[in-house]
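Trainee: I would like to know how the labels used for a structure follow from the values.
Mentor: Then ask about the labels one at a time.

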Amino acid sequence: MTAPVEATPDDTAVRVLVIDDEAKIRLVVCAALADDTVRCTHAATAAEGLARAASEHPDLIVLDLGLPDRDGIDVCREIRRWSHAPIVVLSARHSEKEKAALLDAGADDYVTKPFGVVEFRARVRAQLRRARMPLHPLTEAPLRLGALTVDVGRRTVLRDGQPVHLTPTEWGLLLALLRHPGRTVTHRQLFREVWNDSYGDVQQYLRVYVAHLRKKLEDDPYAPRHLITEPGVGYRLEIGD
């Protein structure tokens, strides 16, 4: 099988780096993403991938976990130390525990093998859109979430124009999710940001406070549109209407 063909450099193209030791997977991923706006490069080892990520500054990284010279989760942590580029992990492993560990290590999404090309493309597009959003939108203009208006600077929330009172902990939880719009934030990450790693049952703390937030912010707290649960992993704030 021939190796994926790398497009000629284009400063306007989206740069995607694929780190996977299987030539077939590299070919499938690059072919799935190939169009006039994407430039796909690839690496077969962790060492080569880290070198390319450091020198090429890709806009998004597709990372396999089963690399021959280093575990993918270590590569993820290393990249996250100096890059904000979205990392989409590819793996044949399916456990929620492992998915949570990858997200804690800095991954932005997790796609299990075998994967559908249409879904994979959609996930990559979603991560690229989110990467263009402010990482810390804490000084931005008021944010609209359907019937909600969140003004971080003034620490106010309006629902249909009426003030909503949030406790300090509820406000801290909302801010922690606002810092990562559209991205799953794990239980451990939220516990660290809101409670400073206090002792206690992480999931139970979050379950209670997320339920309180949903009652105050969602039209239907039992069918939330903004405060989304990722079972066994964490929560995600969707900012679309």
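Trainee: Why does F115 count as buried?
Mentor: F115 has 17% relative accessibility, and buried means under 20% relative accessible area, with exposed over 50% and partly exposed in between (1.4 Å probe, protein chains only). F115 is therefore buried. F120, at 1%, counts as buried too.
Mentor: This is a predicted model, where local features need pLDDT of at least 70, side-chain atom pairs count only at pLDDT 80 or more, and totals for chains, interfaces and linings use all residues. Residues are numbered from 1 along each chain as its sequence is written, and side-chain values use heavy atoms, with hydrogens and water left out.

Trainee: How many aromatic pairs does a search of the whole structure find?
Mentor: The search finds 1 aromatic pair. F115 and F120 form this pair, which is tilted.

Trainee: What makes the pair of F115 and F120 tilted?
Mentor: Rings of Phe, Tyr and Trp (its six-membered ring) pair if their centres lie within 6.5 Å; planes under 30 degrees apart are stacked, over 60 edge-to-face, and the rest tilted. Here the centres are 5.1 Å apart and the planes 40° apart.

Trainee: Why are α7 and α8 called roughly perpendicular?
Mentor: Their axes come within 10 Å and cross at roughly 75°. Angles of 65 to 115 degrees count as roughly perpendicular, under 35 as roughly parallel, over 145 as roughly antiparallel and the rest as oblique. α7 and α8 are therefore roughly perpendicular to each other.

Definitions and conventions: Axes fitted to C-alpha atoms, helices over the stretch in contact; angles between N-to-C directions. Helix = DSSP H or I, 4+ residues; strand = E, 2+ residues; numbered from the N terminus.
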